[in-house]
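Please consult the sequence and the structure alongside each numbered point.

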Amino acid sequence: LPTALGLVEMGAQWIHGPSPGNPVFCLATRYGLLGPEAAREENQQAEVGGHPPLPSMTYGSSGRALSPQAVSEAHDLFDTLLASARAFWGAKEPPVPSVGQYLREEIAWRVPTLGGGEEDARQLRLAVLATCLKLECCISGTHSMDLVALEPFGEYVSLPGLDCTFPGGYSSLPDRMLSALPEGTVLLNKAVRTIRWRGSFREEGDDTRDFPVRVECEDGDAFLADHVIVSVPLGFLKERHQDFFQPPLPEQKAEAIRRLGFGVNNKIFLEFEQPFWEPQQQLLEVVWEDESPLEKASTDLEASWFKKLIGFVVLQPPEQHGHVLCGFIAGKESEYMETLSDTEVLSTMTHVLRTLTGNPHLPAPRSVLRSQWHSAPYTRGSYSYVAVGSSGDDIDVLAQPLPEDPEDPRPLQLLFAGEATHRTFYSTTHGALLSGWREAERLNQLFEAPGPT
């Protein structure tokens, strides 16, 4: 969406791991859609493990900038623990079911030595660790890391490369891809109500040929097909799969949809007349100094939803965007934020920033804009994760085409794509793109297969 000066991304913002193994990066490069920075060889080789190192400043709730040393100590510990959580992939007996529980137990065990054992220093590091967990919730798109399964956690693959953005907006990529297609191929704002499969449907006045699939739209239009690739978000499937498919999906597929995780991560953009941050700062991190990952967070959303906010990324460059901060918030608190008015969100954010900077006269942002991915009826959240009780096998089950019998005379009636169907790149745009190519290739193979002689 355009702001006063530039444009902001309500959805995907970065190419995660822009390097030769990333198809989004390769296409963007081929189309010349990226800035000169992204193409630099050393940027493509940087190993950041999914957490880009931005020049940052950490504000505490007491209204002061926190000691960079204390902050980086806590971050380093958290990154070490996160890496050790990934090492349980393939373990027969993980020590606990969830990533959250594992991290908490590891942190609890180290409490006596945190901050050199000095009480205030220890509390500060615990508070920073609490923020690290919230950031991880945003990255995983979950309410709590207690919902994310430990054993499969390491199966997710982070590609090398310093995350980069599209100078002309992420949509410049699909726009270029679409421009190669014949006019009128793609219909937008054409909501589908039901996909009927395993049928025998005919065009009016044409008795020569029947089709196994009929896609019925909310506006009454219908399309007949031999094959349909379904790439709707998992959140939509969770809510609607029973009535969206007729006949309903087989039990195993329905179970995979139920078990896999799908949460929400939202953005809150704040536009300012003048920046209150330094020009070199790209990330303003937020720490509530009385918090600890070892204590239960408040369930009073009205009173404390804003404490789930991890901080703000500064949109770069200001010549293009003006002075805009992008805050990230996940989970139930994020869902609650969606129910508030713009005015309420803006005044709460103003209050938060005045608290953090210790400046009660900090000018309020001049405008606010936010995503509301949970309320969006066709997404119902942001992206998938492997929840406690599920595994990468569920992702593969979700990706399997129907009918299940490979010998069926009418094969591949329903094919499934989307980020939640990619076992190692779920939650990413490159995972979504690869899943679409995978299903297209499945159809290519079918069409190229020699027929019965």
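1. A salt bridge is a side-chain nitrogen of Lys or Arg within 4 Å of a carboxyl oxygen of Asp or Glu. The model discussed here is predicted, so local features need pLDDT of at least 70 and side-chain atom pairs count only at pLDDT 80 or more, while totals for chains, interfaces and linings use all residues. Residues are numbered from 1 along each chain as its sequence is written, and side-chain values use heavy atoms, with hydrogens and water left out.

2. The structure contains 29 salt bridges. In one of them, the side chains of D342 and R370 meet with an N to O distance of 2.9 Å. Because D342 belongs to helix α13 (residues 342–357) and R370 to strand β13 (residues 367–370), this pair ties together parts that are 28 residues apart in sequence. Helices (H or I, at least four residues) and strands (E, at least two) are DSSP runs, numbered from the N terminus.

3. Are the two partners buried or exposed? Buried means under 20% relative accessible area, exposed over 50%, and partly exposed in between (1.4 Å probe, protein chains only). D342, with a relative accessible area of 40%, is partly exposed, whereas R370, at 10%, is buried.

4. A salt bridge also joins the side chains of D393 and R423 (3.0 Å, N to O). This pair links distant parts of the chain, 30 residues apart: D393 is in helix α14 (residues 392–399), and R423 is in the loop between β15 (414–416) and α15 (429–448). D393 is partly exposed at 47% relative accessibility, and R423 is partly exposed at 23%. Both residues take part in a network of salt bridges that links E155, D393, D396 and R423.

5. Within helix α15, R442 and E439 lie three residues apart, about one turn of the helix. They form a salt bridge whose closest N and O atoms are 2.8 Å apart. R442 is partly exposed, with 25% relative accessibility, but E439 is buried at 0%.

6. How do helices α4 and α6 cross? The axes of α4 (residues 68–86) and α6 (residues 119–140) come within 9 Å and cross at roughly 50 degrees. The helices are therefore oblique to each other; angles under 35 degrees count as roughly parallel, over 145 as roughly antiparallel, 65 to 115 as roughly perpendicular and the rest as oblique. Axes are lines fitted to C-alpha atoms, for helices over the stretch in contact, and angles run from 0 to 180 degrees between N-to-C directions.
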